[in-house]
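Take a look at the model below and keep it open while you read.

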Amino acid sequence: MVLVTDIFRLETLQPSDASNLSRLMISNGKRFQKYLPITLSQNISEDASKDYIKKKNSEIQNKTEFTFAIKDKDSNAIAGLVILKHLDYQSKLGEFAYCLGSKYSGNGWMTKSIKAVTNFAFSELQLNTLQIVVHKTNTESVNVAERSGFTWVKTLPKEYVSGKSTLDMELYELHKEAI
């Protein structure tokens with residue numbers, strides 16, 4: 001468990017979460033398709049989500065990637081995910097990916113979750129720099145980055161492939177010494 005509030009919990013995925021995770025992905029498919037197509041495609045059924053959760057828990061054990069579920073405390077429904085990926089322990093660097101269902105948007109859950117996983121990354125994993133790579137039109141994600149203390153660094157030309165086109169992405173960073 002990484003964070004508990006009066007309204008939600010942030011914790012690792014459990015096998016019993018497969019149905020909830022798949023439901024989140026399917027019900028927000030259009031919302032997640034553009035920027036999280038791989039995560040979406042890996043959770044299009046309960047069985048697919050079981051495999052995804054098994055893989056994510058293995059990655060946590062190996063400390064290669066950390067995936068956390070944001071769960072509504074009342075219903076235990078999965079509201080979103082926070083993924084700490086592209087971990088480079090030599091460079092002490094990691095990158096965030098995240099998603100939140102539209103039903104839960106606008107309540108500060110993602111910002112609180114990013115801050116909690118940031119604390120985990122800096123204290124437990126001994127990382128020094130965290131990154132968020134986002135498209136400028138994804139204003140909700142840009143707002144999360146800024147509210148979480150990340151600052152814009154530069155535009156990454158043709159960084160992300162979306163369908164048949166490539167997109168320029170914005171790089172935001174947070175350094176341990178800045179907090």
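Predicted model: local features only at pLDDT ≥ 70, side-chain atom pairs only at ≥ 80, totals over all residues.

Pro-157 counts as exposed, at 61% relative accessibility (exposed is over 50% relative accessible area, buried is under 20%, and partly exposed is in between, using a 1.4 Å probe and protein chains only). You'll find Pro-157 in strand E7; helices (H or I, at least four residues) and strands (E, at least two) are DSSP runs, numbered from the N terminus.

Residues are numbered from 1 along each chain as its sequence is written, and side-chain values use heavy atoms, with hydrogens and water left out.

Now zoom out to the sheet. Eight strands make up an open sheet with mixed pairing, in the order E1-E2-E3-E4-E5-E6-E8-E7 (two strands pair if DSSP finds at least two bridges between them). At the edges sit strand E1 (3-4) and strand E7 (151-162), each pairing on one side only. Further in, E2 and E3 run antiparallel and are joined by five bridges. Arg-9, for example, has Lys-71 in E3 as its bridge partner.

Helices lie against this sheet. H4 packs on it and touches E2, E3 and E4, and its direction makes about 125° with that of E3; axes here are lines fitted to C-alpha atoms, for helices over the stretch in contact, and angles run from 0 to 180 degrees between N-to-C directions. H1 lies across E4 and E5, running at about 95° to E4. Within H1 (residues 18-27), the buried residues are Ala-18, Asn-20, Leu-21, Ser-22, Leu-24 and Met-25. Their cover includes helix H2 (29-33), helix H3 (37-41), helix H4 (46-62), E4 and E5.

What about the inside? In soluble globular proteins, nonpolar side chains tend to be buried together. Here the largest nonpolar core has 34 residues, and Ile-70, Leu-84, Phe-96 and Phe-150 have the most contacts inside it. (A nonpolar core is a set of buried Ala, Val, Leu, Ile, Met, Phe, Trp, Tyr and Cys residues joined through side-chain atoms within 4.5 Å.) Several elements supply at least two residues each, including strand E3 (66-72), strand E4 (78-88), helix H5 (109-123) and helix H6 (139-147). H5 gives the largest share of this core, eight residues. A second, separate core has 16 residues, among them Leu-13, Leu-21, Ile-78 and Ala-97.

Among the buried ones are Trp-109, Ile-114, Val-117, Phe-120 and Ala-121.

Which residues does Leu-84 touch? Leaving aside neighbours within four places in sequence, its contacts (heavy atoms within 4.5 Å) include Phe-66, Phe-96, Val-117, Ala-121 and Leu-130.

Rings of Phe, Tyr and Trp (its six-membered ring) pair if their centres lie within 6.5 Å; planes under 30 degrees apart count as stacked, over 60 as edge-to-face and the rest as tilted. The count by this rule is seven aromatic pairs. The Phe-66 and Phe-120 rings have centres 5.2 Å apart and planes at 70°, so that pair is edge-to-face. Because Phe-66 lies in strand E3 and Phe-120 in helix H5, the pair ties together parts that are 54 residues apart in sequence. Phe-66 is buried at a relative accessible area of 5%, and Phe-120 also counts as buried, at 18%. Phe-68 and Phe-120 are edge-to-face too, because their ring centres are 5.8 Å apart and their planes are at 80°. Phe-68 is buried, with a relative accessible area of 3%. Elsewhere, Phe-8, Tyr-104 and Trp-109 form one aromatic cluster.
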